[in-house]
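Visitor: I would like to go through this model term by term. Please set each value against its definition.

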Amino acid sequence: MQRERVSVLIIGGGSVGLAAAAFLTGRGVRPVVVEQRAGLSGHPRATSIGPRAWEALLSTGRTEEFLAVAERRSESRPPIKARTIAEYDPGTAAPQADVSREFLDAIEDFTPVADLGGCGQHRIDPVLLRTVLDGGGEVRWNTRMVALRQADDHVAVTVEDTASGRGSVIQADYVVAADGADSATRELVGIHRSGQGVVGGHHINVLFRADLSELIAGRGFFSPAFVTHPEAGGMLIALDEGDRWCYHIMLPPDGDAALEDYTHERCREVIRTGLGVPEQELEILSTAPWRPTAWLADRFRERRVFLAGDAARTLPPVGVFGLTTGICDAYNLAWKLAAVLGGAAGAGLLDSYEAERRPRSAFLLDQVLRRVRNPRLHWGGTPAQRTAAGIMEHAIAHLCDLYDSAAIVEPRTEPLSFVDARANLDGSPGTRVPHLWLERGGRRLSTVDLAVGVFTLLAGRDGEPWADAARTAGKELGVPVVALTLGSDPWTRVAEGRWEDAAGITARGALLVRPDGQVAWRSPGAGQDHAVRMGQVLRHILDR
């Protein structure tokens with residue numbers, strides 16, 4: 001049987017697997033991705049991602065390509081709710097909350113990507129695939145994993161070509177399991193999962209093509225549209241500006257309807273009923289039955305195998321946390337794998353992946369379930385009502401990751417506020433770097449954009465001693481470090497004192513930001529033996 005050796009093998013070529021591969025290629029690692037499907041899926045199971053995922057995706061350098069496929073929240077209109085689409089009359093309909101606009105208002109001061117909203121997997125994946133291939137990675141379609149065995153220095157994975165049946169063995173330094181909720185990899189390495197399990201009824205996601213321009217003309221239509229017809233209850237979502245749509249059919253809860261009864265013909269009739277146009281021409285492209293579940297893997301790592309995406313946890317689709325969380329898994333793990341493989345870090349750095357991402361997943365799972373139990377508060381209500389129900393505000397739930405691991409120096413371990421994102425994004429170690437707009441050559445640039453891909457020291461306007469020390473320590477350890485004194489560097493124009501206020505430092509203080517944008521260390525003011533201290537900090541973070 002043919003054998004080969006690779007640095008990282010990614011099992012699963014969906015959005016999370018491709019994102020992991022893209023982030024790795026950006027750091028000089030050439031992974032191999034194996035996927036049993038014949039190519040990219042044209043059926044979007046997720047139709048939107050949150051701001052932290054957008055920040056991660058734009059770090060690949062494919063900004064223009066991602067911007068070209070993203071929807072803008074500023075162009076949104078409130079969703080509609082009606083018995084059928086044809087019956088919707090904007091003049092008499094009860095007003096609906098514009099959730100997209102409310103989300104934009106809540107986060108616009110805290111992220112440079114606040115205006116980016118809906119974007120289905122079918123739009124994201126082609127950009128990720130190009131990024132992987134252009135970066136020297138490889139994606140092998142029609143290839144499934146059939147066996148896995150771990151050794152001290154590698155993982156031996158047996159794969160099979162689904163067309164020819166030929167098998168081969170890939171020996172990988174590390175494996176990323178991104179093979180979905182029913183992950184065979186997770187089962188093979190003996191990681192169990194626990195949680196509430198099923199949290200809702202059966203749905204069928206139907207992708208179809210139809211010209212609905214005449215139907216929606218003059219109705220102020222905007223996706224999503226909630227249909228309440230008793231025989232066609234569900235949700236209509238516009239996928240493109242053209243003629244592709246998704247209809248989420250919600251099966252009756254009484255158990256009389258079986259999934260196998262929903263042939264393409266029956267799905268077509270349900271959609272026509274929901275549209276209110278019995279003769280509407282439409283083409284069913286594909287269907288995907290699903291049911292919301294809530295699971296969390298007991299561990300995110302088994303020796304050299306790491307779980308990511310739905311293989312690590314499943315989240316009900318409330319609040320746009322599902323795919324967002326998987327992309328953030330990949331973003332967190334990729335720089336650590338690259339650092340270890342490249343010799344910049346010790347193997348202990350990899351322990352921080354589970355230490356950071358599993359508690360984050362448990363927190364999000366709790367938040368999503370609270371929203372499922374209190375949908376009225378998710379879509380409306382007041383901050384006080386949400387706090388009483390244990391529901392954090394959207395900006396905090398999405399942007400305020402709070403990591404506590406050996407890869408953070410003196411992390412903050414508890415959120416300061418359920419309602420005030422600024423109180424949480426204050427520059428504390430373990431949080432995402434505060435967002436502040438700077439000016440460079442007449443162009444706006446966020447501090448989040450400055451801290452991408454490499455360790456970045458962002459000092460106050462009089463913090464040059466820390467900047468010099470960071471550059472010196474980086475050279476001594478062979479670790480690239482970018483060091484900037486914000487407010488004094490000519491190309492980072494910012495109002496005096498604004499960066500210091502945002503970062504919780506004085507003019508002589510500094511933050512050290514990791515390649516994934518998380519604050520790893522902070523000195524509120526000037527210190528002593530700057531070079532010695534910076535060397536200690538980098539060694540601590542990198543397990544050197």
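Visitor: Which residues of helix α4 (residues 99-107) are buried?

Guide: The buried residues of α4 are F103, L104 and I107. Buried means under 20% relative accessible area, with exposed over 50% and partly exposed in between (1.4 Å probe, protein chains only). This is a predicted model, in which local features need pLDDT of at least 70 and side-chain atom pairs count only at pLDDT 80 or more, while totals for chains, interfaces and linings use all residues. Residues are numbered from 1 along each chain as its sequence is written, and side-chain values use heavy atoms, with hydrogens and water left out.

Visitor: What do the buried residues of α4 pack against?

Guide: They pack against α2 (51-58) and α13 (394-399). Contact means heavy atoms within 4.5 Å. The helices (H or I, at least four residues) and strands (E, at least two) are DSSP runs, numbered from the N terminus.

Visitor: Why is G117 called buried?

Guide: G117 has a relative accessible area of 1%, and the cut-off for buried is under 20%. G117 is placed in the loop between α4 and α5 (121-134). Leaving aside neighbours within four places in sequence, G117 is in contact with S48, I49, W54, E71 and R73. The C-alpha atoms of G117 and S48 are separated by 6.3 Å, although the two are 69 residues apart along the chain.

Visitor: What is the handedness of the crossing of α2 and α9?

Guide: The crossing of α2 and α9 is left-handed. That term applies if the near helix is turned anticlockwise from the far one by less than a right angle, and right-handed applies if clockwise.

Visitor: How do you know that α9 and α10 are roughly antiparallel?

Guide: α9 and helix α10 (residues 351-373) pack at an angle of about 170°, with their axes 10 Å apart. The cut-off for roughly antiparallel is over 145 degrees, so the term applies to α9 and α10. α9 passes α10 in a right-handed crossing. Residues in this contact include C328 and N332 of α9 and Y353 and L364 of α10.

Visitor: What makes β5 and β6 a pair?

Guide: Two strands pair if DSSP finds at least two bridges between them. Strand β5 (residues 143-150) and strand β6 (residues 155-161) are joined by 7 bridges and run antiparallel. L148 stands opposite V157 in β6. β5 and β6 form a hairpin with 4 residues between them.

Visitor: In which sense does β1 pair with β7 and with β2?

Guide: Strand β1 (residues 2-11) runs parallel to strand β7 (residues 167-177), with 9 bridges. R3 has V169 as its bridge partner in β7. β1 also pairs in the parallel sense with strand β2 (residues 32-34), over 3 bridges. In β2, V32 is opposite L9.

Visitor: What makes β8 and β17 edge strands?

Guide: The open sheet of 3 strands has the order β8-β14-β17, with antiparallel pairing. β8 (193-198) and β17 (313-314) each have a single partner strand, so one side of each is left without a neighbour in the sheet. α10 packs on this sheet, touching β8, β14 and β17, and its direction makes about 165° with that of β14.

Visitor: Which strands stand at the edges of the open sheet of 6 strands?

Guide: The order is β3-β10-β11-β12-β9-β13, with mixed pairing. The edge strands are β3 (80-82) and β13 (283-290), each of which pairs on one side only. Within the sheet, β9 (residues 203-209) and β12 (residues 244-250) pair in the antiparallel sense over 7 bridges.

Key. Axes are lines fitted to C-alpha atoms, for helices over the stretch in contact, and angles run from 0 to 180 degrees between N-to-C directions. Angles under 35 degrees count as roughly parallel, over 145 as roughly antiparallel, 65 to 115 as roughly perpendicular and the rest as oblique.
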